[in-house]
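User: I am new to this structure and would like to learn how to read it. Please take me through its features in turn.

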Amino acid sequence: MPRRRTRLSLAAAASLTLLATALGTQAGAASPTAAPPTLKGHVYAGYQGWFNHPSDGSPLGAWRHWAGSQPSPGNQTFELWPDTRAYPDSVLAGTGYAPLGNGDPARLFSSYPSAVVEQHFDWMRDNGLDGAALQRFGSDVSDPASPRAAVRNSVADKARKAAERTGRGFYVEYDVSGLTDANFEQVLQDDWTNVVTGSLHLTDSPAYVHQDGKPVVELWGLGFSNRPGSAEQSERIVNWFRSKGLYVVGGVPTGWRTDSNAKPGFGPVYQALDMLSPWMVGNAGDNAPQIAADLAALTPRGQDYLPVIYPGFSWSNWKDGPRNEIPRRSGDFLWQQAVNVRKAGVGQAFLAMFDEYDEATAIAPAAEDSSMIPTDQYFQTTSADGTYLSADFYLRLAGAATGMISGRDPLDPKIPIPPSTGPVQFRTGFEPGTDARPTTGLAVTTSGGKAHRGNTSLTVKGAQGRPDGTAAAPTSYGVFDVDIPVTRKTELTYYLSPADAAGRAVTVDLLLDNGRTVRTRPAGKVPLSAWTKVTSRLNGSARGHRITKILVTAPGTGTASVDDLTVTNR
């Protein structure tokens, strides 16, 4: 067992009290205790902390994980564009991309500055996440004197302090990627002894996750056909960690029971683990059968289980695969996985990942739509599935999933959170693949080549008239289904470009839950073939109601285009 400190500094003691209070209250405990956070009964998110840029002050002094050099069109290794609005300017670096659709500069953050790590753990606390599994990659720690190891250690130290301050738990997860059979065991042993429990003293933290009274460590990559370590080596390293008094979790292939996508002969390795965590990322199917089969195998053996859940997956900017390869389904993909975990009574899960923008599995805030990504390069957004979702939607959803899985909140088969908490309640530029898309095709089609911003706008064509030659009555089409509360500051804005005189009568209107339609009218005569901004503030009679549909009302004849439609509660 690694030597443990027997005395805490005043600052550490204060952190311990804060942590116990936060986790005790979060878990529904009757009173705060000094016990460390546990693995079972909680949901921890994988924390990469691996983004760098040349001006971040780190020993690396280079771009990393966004790209190998300054990111620019065609030169990137990440899929999901981050929302950087909460970060100070000092942690952001310019890129080679054109400005974002809203005109802001295209800048990216580094994971190295304390302000970034602090913000990430603030988000965890504010949204009800239990904490983080700190990733330590074999490729980083194999050379303890390298700049990459120095960056990894610094981020881990900052994460420890942030976890203590915010009352979150954390534990070390080794990813064996980058190791070789020759150094597989020695690197892990040396890093744990000399750094994790040595210079960093991570397990001394009151925030360090324990299970059954033991510090937790996860070894990810055991048994994967494309990862190092023979069965004999893997069994030895598991037993080495256990001999040090640790509770050992194994990140293993989904086919660990049958060797279907795993190395053969790893049965003794799996049996040596305290807890198994089959890697589900990339599996787009129902996770309930996997959970049931895994539990049926592990429960008789007295082993614990840590199912993996994730929001979606894609890496077209890196690996040239399809865009939005495993769609998030506007949150339903992650939520149904969480529902299945709760139904199985497992009580804990590993959330992949907090900040994995590379493969679009991040739950940290991301660009909402085309207005928040560079205009000259595709990136995935939270609204990629056609429904407007705020930048923090997946943070809020992960917090709700945490409460449900842990049993602190009831089972709910449907997503219990709104798409946005404001101030922007809805926004679309009608761009395919990044923005909210119309839910009806009735006389309303999208067309490229004419847009206020981007490449696409909504083109509305009125009816041709009645058989007797008279004009048809105006028709309202329900273009978007929404659920937006009306406050005293609810405002609708959009841009209108009439193609002809009759097209000036095209409007965007709002249907309320009481059946009333709130109609908009441009101020003055709208010029033809030019974009005019239309703004409408909802009056007092609409307050307290909810908007259920966004409508486009077309005149009997005429054509017009609509773009950049936004509903806000400022």
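**Reading strands, helices and cores**

Analyst: Strand E16 and strand E21 (residues 546–554) are joined by 8 bridges and pair in the antiparallel sense. Helices (H or I, at least four residues) and strands (E, at least two) are DSSP runs, numbered from the N terminus. Two strands pair if DSSP finds at least two bridges between them. This is a predicted model, in which local features need pLDDT of at least 70 and side-chain atom pairs count only at pLDDT 80 or more, while totals for chains, interfaces and linings use all residues. Residues are numbered from 1 along each chain as its sequence is written, and side-chain values use heavy atoms, with hydrogens and water left out.

User: Which residue is the bridge partner of Tyr477 in E21, and what is the order of the strands in the open sheet?

Analyst: Strands of a sheet pair through backbone hydrogen bonds, either parallel or antiparallel. Here Tyr477 has Val552 of E21 as its bridge partner. The open sheet has 4 strands in the order E16-E21-E18-E19, with antiparallel pairing. Its edge strands, E16 (475–485) and E19 (517–518), each pair on one side only.

User: How many bridges join strand E4 to E5?

Analyst: E4 (residues 131–137) and E5 run parallel and are joined by 7 bridges; Ala132 has Phe170 of E5 as its bridge partner. E5 also pairs with strand E7 (residues 214–220), in the parallel sense over 4 bridges. There, Glu173 has Glu218 of E7 as its bridge partner.

User: Which residues lie on each side of E5?

Analyst: In a regular strand the side chains alternate between the two faces of the sheet. In E5, Gly169, Tyr171, Glu173 and Asp175 lie on one side, Phe170, Val172 and Tyr174 on the other, and all are buried. Buried means under 20% relative accessible area, exposed over 50%, and partly exposed in between (1.4 Å probe, protein chains only). Since 7 of the 7 residues of E5 (residues 169–175) are buried, the strand is largely enclosed by the rest of the structure.

User: Which residues touch the most other members of the largest nonpolar core?

Analyst: In soluble globular proteins, nonpolar side chains tend to be buried together. A nonpolar core is a set of buried Ala, Val, Leu, Ile, Met, Phe, Trp, Tyr and Cys residues joined through side-chain atoms within 4.5 Å. The largest one has 127 residues, of which Trp81, Tyr171, Trp192, Phe241 and Phe354 touch the most other members. Helix H11 (residues 393–406) gives the most to this core, with 9 residues. Another core, of 33 residues, lies apart from it and includes Tyr388, Val479, Val486 and Leu538.

User: How many residues of helix H4 are buried?

Analyst: In H4, 14 of the 20 residues are buried, so the helix is mostly covered. H4 (residues 147–166) reaches 28 Å from its first C-alpha to its last, close to the 28 Å expected at 1.5 Å a residue (1.5 Å times one less than the number of residues). After H4 comes Gly167, whose phi is positive, near 75°.

User: Is Ser58 buried or exposed?

Analyst: Ser58 counts as buried because its relative accessibility is 10%. Ser58 is placed in the loop between strand E1 (43–47) and strand E2 (92–94). Leaving out residues up to four places away in sequence, Ser58 touches Asn52, Tyr112 and Val151 (contact means heavy atoms within 4.5 Å).
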